[in-house]
Amino acid sequence: MKTKETIRERKTMGTLLPVILVLAVVPLVCIIHKYDSGLQSQPWFSQAGTVYDFFLYYKSRLLLVIGVVLACMAGGYLYSKKETVFRDDNSRFVMICLGCFVAFSLVSVLFAYSPGEAFWGGYEQWEGFVVLFSYAVIFLFTYAFLHHEEEIYILLGAFALGALIVGVLGAFQAAGYDYMKSGWMHAILTSLEASVLKVKVSLNFEEGMVYSTLYNPNYIGSYAALVLPVMAGLVIWSKRIWLKAVASLAVVVTLVSLYFSLSFTGFIGLGASLVMLAVFCVPVLAKKPRIGIPVLGGLVAAAVLLIAVRPAFLDKMWNRLTQTTMAQGTHMIEEIFVRDGKLVVRTNAGGETEIGVSYKDGFLYEVQDGQKYQAVEKNDVSHTMVLTLKDNETLHFSQASAEHEGKTYPMLIVSGGGDSWSFLWRKDQLIYQNIFGKLDELQEIPHFGFENNMSLANGRGYIWSRTFPLLPKHILVGAGADNFVYEFPNHDYVGKRNNGFEAQIMSKPHNMYLQVWVQNGLIALLGMLGIFLLYAVGTFRLYFARGRKGFLPNMGICVFLGITGYMVAGLANDATITVAPLYWALLGIGFTINRLAAAEK
């Protein structure tokens, strides 16, 4: 009997190995990859196109292999007509939503600025269509081809082991021991590419800041929101001592990592999970107030203790949410661009001037509609001009010269409020010279919302205000996976400088839903949301006010709490290859747990 059971477990382990790799290994992959971004041809990117990636590329390649293997396995199951769940109406709706997500993501590749990147992945994301398809296959496999509680134990056990390792590395970073600076890690990082053996690995994170193997402290927040409810459920409801122990340690180190990552979105996601837990518990606790009151009191006491241990924590978190840095909110010049050959300058007090410029023995300035201003001082000898706008805002215009590609050009300098903008007079027009030394036209940038809140959520207000105008043109088809960098107005030089992003390239909108909409289209986004809504409705129908007992029903609730926390954190975090595979695998597992729990009823 034991021999037969051992054989069955080994067969199960082999079948589940690809999903085990997704849950336990993929988040840990960190190997350096040197590649050509292809962006050096863009005027808003630097001259150097070589980029080094530590966290994303090889995760994407491993996911591609896993996706192919799971697709073959799923095809084999369907061909052999083994039992699946595709026969009920709910599954048909799920498959329709999944089909919309995949189909419209694929169609978006055809309309992408860079179809190659949209298909295979590209700059700072490596989450092309092949990876999105792998997500779909991972979800499909965990949704349709799991049938036993033992399989759930195996997968959640792998998830717990992976979470423990990610959390331990984060906890060491919090203590000042960053694994990225160690010799053994350098050997792993450079193990697959000999051309980078002598590259010195360093990241621009302050000591004590946690990012673990997830690329960015923000993604610690999404990861923690997804992981913690599941690990807490395993601590309470698992029947296996070793799994309780691993999950307990994972909870501790994940909380430490979240705490020192300062990821406000992570705490928001975790808070949403707790609120949802309270919703599930209300009917039970109302019947048993002797249990409910101590539980609520314990949560309040834990929160007070957390604040008492590190009282400056709330201030830091609030500052990250609402801070206005020196680069944000202190600039007189709000917009500057060329329209119909004339230079338009707008200020934060609402002033606007339009300057016609011509060149003959020096610049000649022509003020349009000059009665708007209190005073105009012009010196034709030194080629300077001063405009005093309303609220005593003063603009200075002066002439200089600059070299570009071995030639000398006249240059117009516009300054005000401590900022200056330089334009070369080239081919009878004004061209802006950016920080990379490249020439580009300054254009009027469409924007919507956050007029007085550009610094909201650490600058997300600015990013979202430039992303919203992109949405209407992507109702059916998106810009293509990993093509947000081409769609976002990275040539918004004034807005980026004013909000502290002058040297940064915006490759993500810092909102998972805006990211999917812009890159894959609104219908793909609705497909993704449709799957979650079907899952949420099914979970509430199954567990709410039912007083269920046992491993499966309670873990069904805990997995749902993790999924919910991740979705809420996605309001201010992008989908990333470091965390998204876990979401899709757990979403499928959540459906399966619900199905098995319903069968136990």
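Two strands are taken to pair if DSSP finds at least two bridges between them. Strands here (E, at least two residues) and helices (H or I, at least four) are DSSP runs, numbered from the N terminus. The model on screen is predicted, so local features need pLDDT of at least 70 and side-chain atom pairs count only at pLDDT 80 or more, while totals for chains, interfaces and linings use all residues. Residues are numbered from 1 along each chain as its sequence is written, and side-chain values use heavy atoms, with hydrogens and water left out.

**The whole protein**

Begin with everything displayed. The protein holds 19 helices and 13 strands. Of its 601 residues, 53% count as buried; buried means under 20% relative accessible area, exposed over 50%, and partly exposed in between, with a 1.4 Å probe and protein chains only. The exposed surface comes to about 26,800 Å², of which carbon and sulfur atoms supply 62%; accessible areas come from the Shrake-Rupley method with a 1.4 Å probe, and for residues only the protein chains shown count as cover. A contact means heavy atoms within 4.5 Å. Among contacts with a separation of 6 or more, 69% are between residues 24 or more positions apart.

**Stop 1**

Select residues 407-416 and 419-426, which are β10 and β11, an antiparallel pair over 6 bridges. Within this pair, I413 stands opposite S422 of β11. The two strands form a hairpin with 2 residues between them, and in the turn G417 has a positive phi of about 65°.

L424 has I431 of β12 as its bridge partner. Here too a hairpin is formed, by β11 and β12 with 2 residues between them; K427 in the turn has a positive phi of about 55°. D428 is also in the loop between β11 and β12. Its phi is near 60°, a positive value in a residue other than glycine. D428 is exposed, with a relative accessible area of 65%.

**Stop 2**

Select residues 456-467 for α13, a mostly covered helix in which 10 of the 12 residues are buried. The buried residues include R460, Y462, W464 and R466.

Next, centre on E487 in helix α14 (residues 484-487). E487 counts as buried at 18% relative accessibility. Leaving aside residues up to four places away in sequence, E487 touches L470, K473, H474, A479 and V518.

**Stop 3: the second largest cavity**

A search of the whole structure finds 5 cavities of 30 Å³ or more. On a 1 Å grid over the protein atoms alone, a cavity is a set of points where a 1.4 Å probe fits but cannot get out, and lining residues have an atom within 4 Å of a point. Grid points are joined across faces, edges and corners, and a volume is the space filled by probe spheres set on the points.

The second largest cavity has a volume of about 90 Å³. Of the 14 residues lining this cavity, E335, Q443, I445, D492 and V494 are the closest to its centre. Two or more lining residues come from each of β3 (333-339) and α15 (493-498). Strand β3 gives the largest share, 4 residues. By class, the lining has 6 nonpolar, 4 polar and 4 charged residues; Ala, Val, Leu, Ile, Met, Phe, Trp, Tyr, Cys and Pro count as nonpolar, Asp, Glu, Lys and Arg as charged, and the others, Gly among them, as polar.

Stay with E335, which is in strand β3. E335 is buried, with a relative accessible area of 16%. Its contacts, not counting residues up to four places away in sequence, are V344, V345, R346, E444, I445, H447 and V494.

**Stop 4**

Move to H510 in the loop between α15 and α16. The phi of H510 is near 60°, a positive value in a residue other than glycine. H510 is partly exposed, at 21% relative accessible area.

Finish at the largest cavity, with a volume of about 140 Å³. Select F101, E127, L132, V516 and A575, which lie nearest its centre among the 16 lining residues. The elements giving two or more residues to this lining are α5 (129-144), α16 (512-520) and α19 (580-600). Helix α16 gives the most, 5 residues. The lining of the largest cavity divides into 12 nonpolar, 3 polar and 1 charged residues.

Conventions. On a 1 Å grid over the protein atoms alone, a cavity is a set of points where a 1.4 Å probe fits but cannot get out, and a pocket is an open set with protein on both sides within 12 Å along at least five of seven lines; lining residues have an atom within 4 Å of a point.
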